[in-house]
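The sequence and structure are shown first.

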Amino acid sequence: MMETIYVKTGDPEWQKITRFWMKLFGINFAIGVATGIILEFEFGTNWSNYSWFVGDIFGAPLAIEGIMAFFMESTFIAIMFFGWNKVSKKFHLASSWLVAIGANLSALWILVANAWMQNPTGTAFNPETARNEMTSFWDVLLSPVAVNKFLHTITSGMVLASIFVIGVSAWFLLKKRETRMALRSITVASVFGLLASVSLALTGDGSAKQIAEVQPMKLAAMEGLYNGKNEAGLVAVGILNGKEKREAGEAFAVKLEMPKLLSWLAYSDPQHFVAGINDFTKGNAGQGILSIPEKVERGKIARQTLTDFKNAQSAGNLAKADSLKAKFYDKAFLDNNFKYFGYGFNDEVKYYVPNVPLTFYSFHIMVILGFGFMVFFALFLFFSARGELPQRKFWLWLAPWIIPLAYIASEAGWVVAELGRQPWTVQDLLPTVAAVTKLDTGTVMVTFILFAVTFTVLAIAEVNIMVKAIKHGPKNEGGTK
Amino acid sequence: MFETLSHLVLQQYWWIIVSLLGSVLVFLMFVQGGQTLLGNLGKNETERTILVNSLGRKWEFTFTTLVTFGGTFFASFPLFYASSFGGAYWVWILILFAFIIQAVSYEFRTKAGNFLGQKTYEAFLYINGLLGTILIGTAVGTFFTGSQFSLNTMNQVTWEGPARGLEAALNIQNLSLGLAVFFLSRILATLYFMNNVDEETIFTRSKRHLLINTVPFLVFFLFFLVRLMFIDGYAYNPETKIVHLEPYKYLHNFLDMPLVLAILLIGVVGVLYGIGISLLKNKCTKGIWFVGSGTILTVMSLFLIAGFNHTAFYPSSFDLQSSLTIENASSSKFTLTTMSYVSLMVPFVIAYMWYAWWSMNKKKINREELKTEDHLY
């Protein structure tokens, strides 16, 4: 965006600004590439059963991502970094935009895949191959969960980037260096960040509504809600009790609650019933919620049917095999049994409850920080519009400290999304125990330590380089090394 | 338009795409080869910086092709992905590791405050070049020699090999392919530098190392190819789908599919011709194009005889009937059809890559050029 201003105005100052931020982006990008490839490999190496169970759906977005997005990104990134002196200004600008589009596209496809795991749609189970097969590409792609997740994630990335730019610029202002660049950067970033954080809040709200529908257990965990109720309030801040007290219905030691807000947020109706964790574990006939043991029974029947089918097939009993196979295409069986397929893997009730404190605190940290960021952007925009930024020493001093908070907020968001759905790899169909590769613990431990050490070292290197590059500033860009 | 095709035709179409990506990947691994030659071709700091920057503008193509090759393989033949990655665990983890350290090395190498020092990042690049090529070659070798695994009725893999995949490197056939890929990548790298870098000393040294690496390449490659013609291959009956061992299977595949044989021969001739003119002519910079396209054709023909003509492309030597074929390992017809539409974008992608590459290469890299560049590795 800054480059667009440069090309439009022809002011070399903007080019200098662009190049400086681009350099920092490059340092970060290297780590992004390094982590991206791990994800791809790990699906195969550590989650091989999962790779087969859902490969038919999951593979397609991944391949499309490779063909469309990665090549776009990697081709034009070369021009973006090395092309300043080689291609025309306009072509360079187009390349930078294509890198940005490519990066967002790759986010799209991986999030489509993730959304499918949270809410499997557009697929049917094929007993012959023992896997899920795609029946509608558009249902997978345009599933509301996918669309919302994509928007929520990219806007959170934009918020993070804006905070980063403001934080670094504020430091420059405090040091009275690069003042012009810093002021201009803050103006661009605070407008951009404010818009992004507003849409972040809107998509977050959409997300909550979807979770209420497709993953109600996660919602209950996010809110620490044990006994479901009508007119449920939203806990703004609270401290959870120990596990036993929580299960008995006394979830909080201290809490500040906003009445009816949870019902309203989740179902757009302040009267609506919101189910709690106990409603799921013990069942709630009044609300039509099955207890976990009931679901386990149903899931076991589904699994047994699949096993019987396979056995009949290998025994050569084709008539029996056919009749069992037909069940997987029968709506009643699908709705009453196959829907709970994943529950057939484990009898224990507590296995199906996610880690409540972790989910609860992560969710609240994310939300509180998210709204905090909105205020932060608004303040900086306000100061910047009145031209009084250089005098606001306290805020300038504070801004760099906000950067780590932005990372914490987005990680917390992923903790909610990924741990809140435990034990499911694929919601209600495939629990984590059934998704993993048969590996001994030692192997996994060694791999884990290997990665932990590598990334700790790389993280130190990255932060160190970043700090050096910032201190070095943009003044020597262009010409010398 | 793809809806009318049978599932088998779609499976074949996708096997061709996977083969094509795999062979382009081997060509682009000149980056890896080059990383192992930095010390041989660059005798001082400036020369090494020139070499690193010359590779640095291409490494992402290779990396992305690897990722896309993996993604496409996953998408079109998920059972292979699940069985091989989950089974031959350590091979893939090592390959992964070799590429993680590459991903940061270019960007971090000369940056102030990089914590590990420039030498370490150069060592990372060397490790990536060495392990990346040899292990990928070895892994592809198992497409012909087989691996020890079994699948249960739910298609879940159990690996029976003692070292989770690393045992493949003990097989001389696999290892010779791995080493052939390694030396080929170095050959390609010397030719790439001869074409891309405008420095007299580097040109001369590249030419010398071209010769040095051609000899072992030919030894390992010919050993692999000739022996391949004589070993038993994993064939399956097109009606019953039952897998059995067939003597001279891969030789038969070439004879049954003359077009594939032609691709192999043209490819091999291209490689030899490219090496020949680069060595014999005085100032030849075009060798990379012949050897590069020859590489693509040769590797492609090898992938095609591994999967076509009723051959199991990922055979199990432990349990023949667990062997994977393009028919039993593929995605559903619906998914393959959907993805086929996406594949129509590939030519477009290649076109813009070519254009971007071309516009970046208008200026060759030399000392002067690097001085005007602010983004240095």
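Helices H10(B) and H12(B) are oblique to each other, because their axes cross at roughly 140° and angles under 35 degrees count as roughly parallel, over 145 as roughly antiparallel, 65 to 115 as roughly perpendicular and the rest as oblique. H10 spans residues 200-230 and H12 residues 258-280 of chain B, and their axes come within 10 Å. Axes here are lines fitted to C-alpha atoms, for helices over the stretch in contact, with angles from 0 to 180 degrees between N-to-C directions. Helices (H or I, at least four residues) and strands (E, at least two) are DSSP runs, numbered from the N terminus. From H10(B), Lys207(B), Leu210(B), Leu211(B) and Thr214(B) meet Ile275(B), Ser278(B) and Leu279(B) of H12(B); contact requires C-beta atoms, placed from the backbone, within 7 Å. These contact residues comprise 4 nonpolar, 2 polar and 1 charged.

The model is predicted: local features need pLDDT of at least 70, side-chain atom pairs count only at pLDDT 80 or more, and totals for chains, interfaces and linings use all residues. Residues are numbered from 1 along each chain as its sequence is written, while chains are lettered from A and ligands numbered from 1 in the order in which they are written.

Between the chains, 67 residues of chain A are in contact with 62 residues of chain B. On the side of chain A that touches chain B, H3(A) gives the most, with 25 residues. That side divides into 33 nonpolar, 24 polar and 10 charged residues. Val349(B), located in helix H15 (residues 346-361) of chain B, touches Ile67(A) and Phe71(A), not counting residues up to four places away in sequence.

In chain A, strand S3 (residues 234-240) and S4(A) run antiparallel and are joined by 6 bridges. Val235(A) stands opposite Glu257(A) in S4(A). The count of buried residues among the 7 residues of S4(A) is 0.

Lys241(B) lies in the loop between strands S3 (233-236) and S4 (243-246) of chain B, whereas His310(B) occupies the loop between helices H13 (287-307) and H14 (333-343) of chain B.

Key: Two residues are in contact if their C-beta atoms, placed from the backbone, lie within 7 Å. Ala, Val, Leu, Ile, Met, Phe, Trp, Tyr, Cys and Pro count as nonpolar, Asp, Glu, Lys and Arg as charged, and the others, Gly among them, as polar. A residue is buried if 20 or more other C-beta atoms lie within 10 Å of its own, exposed if 12 or fewer, and partly exposed in between; C-beta atoms are placed from the backbone. Two strands pair if DSSP finds at least two bridges between them.
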